[in-house]
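The sequence and the structure come first.

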Amino acid sequence: MNDEKTAVLALHQALDTKFAKDILLMDLSELSPIADYFVIATGGSTPQLAALTEAAEETLKAHGFLLNHTEGIRSGNWVLLDFGTIIVHLFDKESREYYNLERIWGDARILTP
């Protein structure tokens with residue numbers, strides 16, 4: 001198991017511990033030069049999205065990944081965390097339905113923990 005996949009699986013566990021909903025792990029390694037993995041999850045409130053963001057940062061940092069870029073934290077309804085080969089998308093329910101990344105990246109292989 002490669003380091004990225006190990007980190008993505010650990011991130012799934014960390015987000016699940018913080019009660020994220022509908023956690024999805026997408027392997028884009030054969031589809032996109034943007035990233036190898038997308039991790040998508042839904043939070044029920046702005047404070048929960050903040051807790052999920054913190055859990056993602058701590059987990060991926062512990063696996064040796066550095067945060068390159070962040071977007072959306074102040075919006076309160078979505079967060080993007082760019083760790084290079086791993087990109088984390090955290091949404092509230094409405095934003096996740098609106099952006100529908102699962103449809104856009106529908107050809108990606110889904111990982112199961």
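In this predicted model, leucine 25 stands opposite valine 39 in β2. Another such position is methionine 26, which faces phenylalanine 38 of β2. The strands β1 (residues 21-27) and β2 (residues 37-42) are antiparallel and are joined by five bridges. Strand β2 also pairs with β5, in this case in the parallel sense and over six bridges. Here isoleucine 40 has histidine 89 of β5 opposite.

Strands of a sheet can pair in parallel or antiparallel fashion through backbone hydrogen bonds. The sheet as a whole is open, has six strands and shows mixed pairing, in the order β3-β4-β5-β2-β1-β6. At its edges stand β3 (69-71) and β6 (109-111); each has a single partner strand, so one side of each is left without a neighbour in the sheet. On average, neighbouring strands of the sheet are turned by 20° against each other, direction ignored.

How many residues of β2 are buried? The count is six of the six, so β2 is largely enclosed by the rest of the structure. In a regular strand, side chains alternate between the two faces of the sheet. In β2, Tyr37, Val39 and Ala41 point one way, while Phe38, Ile40 and Thr42 point the other way, and all are buried.

Two helices lie across strands of the sheet. Helix α1 (residues 3-17) lies across β1, β2, β5 (86-91) and β6, and runs at about 5° to β2. Helix α2 (residues 46-62) lies across β2, β4 (78-82) and β5, and runs at about 165° to β5.

The packing of two helices is described by the angle and the distance between their axes. For α1 and α2, the axes come within 9 Å and cross at roughly 150°. The crossing of α1 past α2 is right-handed. On the α1 side the contact is made by Ala7, Ala10, Leu11, Ala14 and Leu15, and on the α2 side by Leu52, Ala55, Ala56, Thr59 and Leu60. Sorted by class, this contact of α1 with α2 holds nine nonpolar residues, one polar residue and no charged residues.

The aromatic rings are the last topic. With ring centres within 6.5 Å as the cut-off, the count comes to three aromatic pairs. A pair of rings is described by the distance of the centres and the angle of the planes. Two of the pairs are set out below.

| Ring pair | Centre distance | Plane angle | Arrangement |
|---|---|---|---|
| Phe91 and Tyr99 | 5.7 Å | 25° | stacked |
| Tyr98 and Tyr99 | 5.0 Å | 85° | edge-to-face |

The residues Phe91, Tyr98 and Tyr99 form one aromatic cluster. Which of these residues is buried, and which is exposed? Phenylalanine 91 has 4% relative accessibility and therefore counts as buried. Tyrosine 98 is exposed, because its relative accessible area is 67%. Tyrosine 99, at 36% relative accessibility, counts as partly exposed.

Terms used: Residues numbered from 1 in each chain as written. Predicted model: local features only at pLDDT ≥ 70, side-chain atom pairs only at ≥ 80, totals over all residues. Heavy atoms only, no water. Pairing = 2+ DSSP bridges. Helix = DSSP H or I, 4+ residues; strand = E, 2+ residues; numbered from the N terminus. Axes fitted to C-alpha atoms, helices over the stretch in contact; angles between N-to-C directions. Contact = heavy atoms within 4.5 Å. Left-handed = near helix turned anticlockwise from the far one by under 90°. Nonpolar A, V, L, I, M, F, W, Y, C, P; charged D, E, K, R; others polar. Phe/Tyr/Trp six-rings, centres within 6.5 Å; stacked < 30°, edge-to-face > 60°. Buried < 20%, exposed > 50% of the residue type's maximum accessible area, 1.4 Å probe, protein only.
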